[in-house]
Amino acid sequence: MAIVTIPNKPVSVNPLKQSQALGAALAFLGLKGTMPLFHGSQGCTAFAKVVLVRHFREAIPLATTAMTEVTTILGGEENVEQAILTLVEKAKPEIIGLCTTGLTETRGDDIERFLKEIRKRHPELDHLPIIFAPTPDFKGALQDGFAVAVESIVREVPKAGGVKTEQITILAGSAFTPGDIQEIEEMVKSFGLEPIFVPNLGASLDGHLEDDYRAVTVSGTTLPELRAVGSSAFTIALGESMRGAAKILQERFNTDYEVFRDLTGLEPVDEFLQALSVLSGNPVPEKYSRQRRQLQDGMLDTHFYLGAKRISLALEPDLMWSMIRFLQSMGACIHGAVSTTKSPLLDILPIKSVTIGDLEDLADIAVGSDLLIGNSNVNTIAKRLSIPLYRLGIPIYDRLGNGLFTKVGYRGTMEVLFAIGNLFIEQEESLMMQQWQHVMNKG
């Protein structure tokens, strides 16, 4: 059990967390033909767009209601209406994901009333799903906004008749990369199951070239797939933050669910594959037995480098839970932990304490660590303290391939294991070189 600490200071210094609105936009980007629409000023949208473009190095569709000082005072309904009509005319989206921002949430705009009145005035919008996610960026973090968007999506799923015994719904949280989703999809399909991912970032943000350009997302979970979610025989929630969405599906469609908090490490992957075997009635494919043996060998190769190492992390709660459990299974010690937002996982982390704070808190806690884990914004601290950094989370803007990076399953676990092990090898070689140069200079 961890003691959760929230520092008592008036401002955030060098913020760690990203906004809820950015998290919701990321979730909506996993739906095909979607345009995320921010109800707020242009700056709110521009910031989120820059973060996502730099991280994924892809064209990111985002729109804004472009609130000004005058419209903020007089009301934003007209801006929402005009933005929707313009998007329908210019971009022709199949879905619009409407996210609020701190500006409009502070003002108290009644978005649900806005949408009802807009639809009354424009019956031509009846065919267009407009999914509303309340995401004030003055509270919560990326993980919260992502979860709110997924909950809003599953609330809009229409009633469906009958149950397809081999179809399952997979609610993938913000901790899972597009590469993770592709690996999980391969695992699920190898058991003969038919997964519907909500959202499916593995199809939309994996970094692939399309034959033609569209202003909206060109891949992801399709409308027909969303409409079929009510027919799924089971729901798998990936990440504790997806539990709320799984409960909504259970209440609406009486669909049983199971939450898998992490899929990195030997034991979590074993449990996931066993669950898929029970669901499908099929044995675990032989290829995973071989991958498991490869991971065991990799763990033997790397435990000398990770054992007793002091590691400090700055991550979203779901991702922090996964990494702490994995690192401790390899014999590493958690020196410090800073997270972004409240979560039931933080209270049960198997460490002494965790801080909900910023990168200033990390800089204080991390002194004496052997490794830091966090996004690219942690790099400044790593350089100042001369501690290696393993980049994880959002944003990572000084490395390529973030869309395809994989940390789940046996193969993904090996990727993480070897990358961290190699950092420690480089550190040891650097120290040996410094010592050798010191001896040579004295000689």
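When I say buried, I mean under 20% relative accessible area. Keep in mind that this is a predicted model.

Start with helix H11, residues 243–253, where the buried residues are Ala-245, Ala-246, Ile-248, Leu-249 and Phe-253. Looking down the axis of H11, those residues fall within an arc of 155°, so they line one face of the helix. In general, an α-helix has 3.6 residues a turn, so residues three or four places apart point the same way. What lies over the buried residues of H11? The cover includes helix H7, strand S6, strand S8 and strand S9. After H11 comes Asn-254, with a positive phi near 60°.

Next, Thr-413, which sits in helix H18, residues 409–442. Is Thr-413 buried or exposed? Its relative accessible area is 1%, under the 20% cut-off, so Thr-413 counts as buried. A polar atom of the Thr-413 side chain lies 2.9 Å from the backbone nitrogen of Gly-265. Thr-413 also touches other residues beyond four places away in sequence, among them Leu-263, Val-269, Leu-295 and Phe-326.

Last, strand S13, residues 371–374. Both of its faces are covered: Leu-371 and Ile-373 are buried on one side, Leu-372 and Gly-374 on the other. Strand S10 runs parallel to S13 and is joined to it by three bridges, with Ile-311 partnering Leu-371. S13 also pairs in the parallel sense with strand S14, again over three bridges, and there Leu-372 has Leu-389 as its bridge partner. From S13 the chain passes through helix H17, residues 379–385, to S14, in a right-handed β-α-β crossover.

Notes
Residues numbered from 1 in each chain as written. Predicted model: local features only at pLDDT ≥ 70, side-chain atom pairs only at ≥ 80, totals over all residues. Heavy atoms only, no water. Buried < 20%, exposed > 50% of the residue type's maximum accessible area, 1.4 Å probe, protein only. Helix = DSSP H or I, 4+ residues; strand = E, 2+ residues; numbered from the N terminus. Arc of directions from axis to C-beta. Contact = heavy atoms within 4.5 Å. Polar contact = N/O pair within 3.5 Å; in protein donor to acceptor, adjacent residues only side chain to side chain. Pairing = 2+ DSSP bridges. Right-handed = clockwise from strand over helix to strand, strands pointing away.
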